[in-house]
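This report describes selected features of one protein model. Please keep the sequence and the three-dimensional view at hand while reading.

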Amino acid sequence: MSSLVRLNIKGISYSQTQSGAYALVLSEVDGSRTLPIVIGAFEAQSIAIALEKEIKPPRPLTHDLFKTFADRFHIVIKQVIIHKLVDGIFFSSLICERDKIEEIIDTRTSDAIALATRFNAPIFTYENILDQAGIYLKMKDDLATESDTLSIENLIDEPKKESSFSKDTLKQLNDKLNEAIQQENYELAAKIRDEINKRT
């Protein structure tokens, strides 16, 4: 079995390729790879609210309700594992514990991350998934010290139109990939990476 790699939430941005969706960017704790995951607007908002500790919704969101329910019945989420990638869809598990008995629960990755933020649970994926879907980030020193917290305003960027890559050569695609990474447009970078993988 491939070894586990710990991830942090790097940011959330408006999806440039899917209307009404967002790109959640996870970054490797001890490395320079990032993992962009497309998630829905509700989950993006839920994750952003959990990260912004000062913002309290007037009524509990679904993930807050789950946390209250789990607390009431002494269930702890110990960790989240993104364990599978099939046709661009990530599959995750919640590792839960109650009365020293561990249970594994299947979940959508966006829900898993929204809950991990509320339980302060670590997020992991397997090395082979990062190899397959990770993007290397050329980090500047000043970027490395930036705070990982998000503001709700970050969720309201204007969407940009995605260009079609079918006419681009491999060299042009690699140049575009580097440019997208420099601009921190990880979701576009993921699309270009997928196109490069299709051809090689």
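## The sheet

Eight strands form an open sheet with mixed pairing, in the order β6-β5-β4-β7-β1-β2-β3-β8. The edge strands, each pairing on one side only, are β6 (101-108) and β8 (135-136). Two strands are said to pair if DSSP finds at least two bridges between them. Helices (H or I, at least four residues) and strands (E, at least two) are DSSP runs, numbered from the N terminus. The model is a predicted one, in which local features need pLDDT of at least 70 and side-chain atom pairs count only at pLDDT 80 or more, while totals for chains, interfaces and linings use all residues. Residues are numbered from 1 along each chain as its sequence is written, and side-chain values use heavy atoms, with hydrogens and water left out.

## Pairing within the sheet

Strands of a sheet pair through backbone hydrogen bonds, either parallel or antiparallel. Three bridges link strand β4 (residues 76-86) to strand β7 (residues 123-126) in the parallel sense. Within β7, Thr125 is the residue that stands opposite Ile82. Thr125 in β7 is also the bridge partner of Val5. The pairing of β1 with β7 is antiparallel and has four bridges. Strands β1 and β2 likewise run antiparallel, joined by seven bridges; here Ser13 stands opposite Ala23 in β2.

## A helix across the strands

Axes are lines fitted to C-alpha atoms, for helices over the stretch in contact, and angles run from 0 to 180 degrees between N-to-C directions.

Two packed helices are described by the angle between their axes and the distance between the axes. For α1 and helix α3 (residues 109-119), the angle is about 15° and the axes are 9 Å apart. Therefore α1 is roughly parallel to α3. By the cut-offs used, angles under 35 degrees count as roughly parallel, over 145 as roughly antiparallel, 65 to 115 as roughly perpendicular and the rest as oblique. The crossing of α1 and α3 is left-handed. A crossing is left-handed if the near helix is turned anticlockwise from the far one by less than a right angle, and right-handed if clockwise. On the α1 side, the contact (heavy atoms within 4.5 Å) is made by Glu43, Ser46, Ile47, Ala50 and Leu51, and on the α3 side by Ser110, Asp111, Ile113, Ala114, Thr117 and Arg118. These residues comprise five nonpolar, three polar and three charged. Ala, Val, Leu, Ile, Met, Phe, Trp, Tyr, Cys and Pro count as nonpolar, Asp, Glu, Lys and Arg as charged, and the others, Gly among them, as polar.

Helix α2 (residues 62-72) also packs on α3, at an angle of about 55° and with the axes 10 Å apart. That angle is why α2 is described as oblique to α3. The crossing of α2 and α3 is right-handed. The residues in contact are His63, Asp64, Phe66, Lys67, Ala70 and Asp71 of α2, with Asp111, Ala114, Leu115, Arg118 and Phe119 of α3. By class, the contact of α2 with α3 has five nonpolar, one polar and five charged residues.

## Two positive phi values

Most residues other than glycine have a negative phi, and most peptide bonds are trans. Lys100, in the loop between β5 (89-98) and β6, has a positive phi near 65° and is not a glycine. Lys100 is exposed, at a relative accessible area of 78%. On this scale, buried means under 20% relative accessible area, exposed over 50%, and partly exposed in between (1.4 Å probe, protein chains only).

Asn120 lies in the loop between α3 and β7. Its phi is positive too, at about 50°, although Asn120 is not a glycine. With a relative accessible area of 65%, Asn120 is exposed.

Ile95 belongs to strand β5 and counts as buried at 7% relative accessibility. Leaving out residues up to four places away in sequence, Ile95 touches Val76, Ile77, Lys78, Gln79, Ile81, Glu102, Glu103 and Ile104. Ile95 and Asp106 are 11 residues apart along the chain, and their C-alpha atoms are separated by 9.1 Å.

Glu195 is found in helix α7 (residues 186-199). Its relative accessibility is 16%, so Glu195 counts as buried. Apart from neighbours within four places in sequence, Glu195 is in contact with Phe165 and Leu173.
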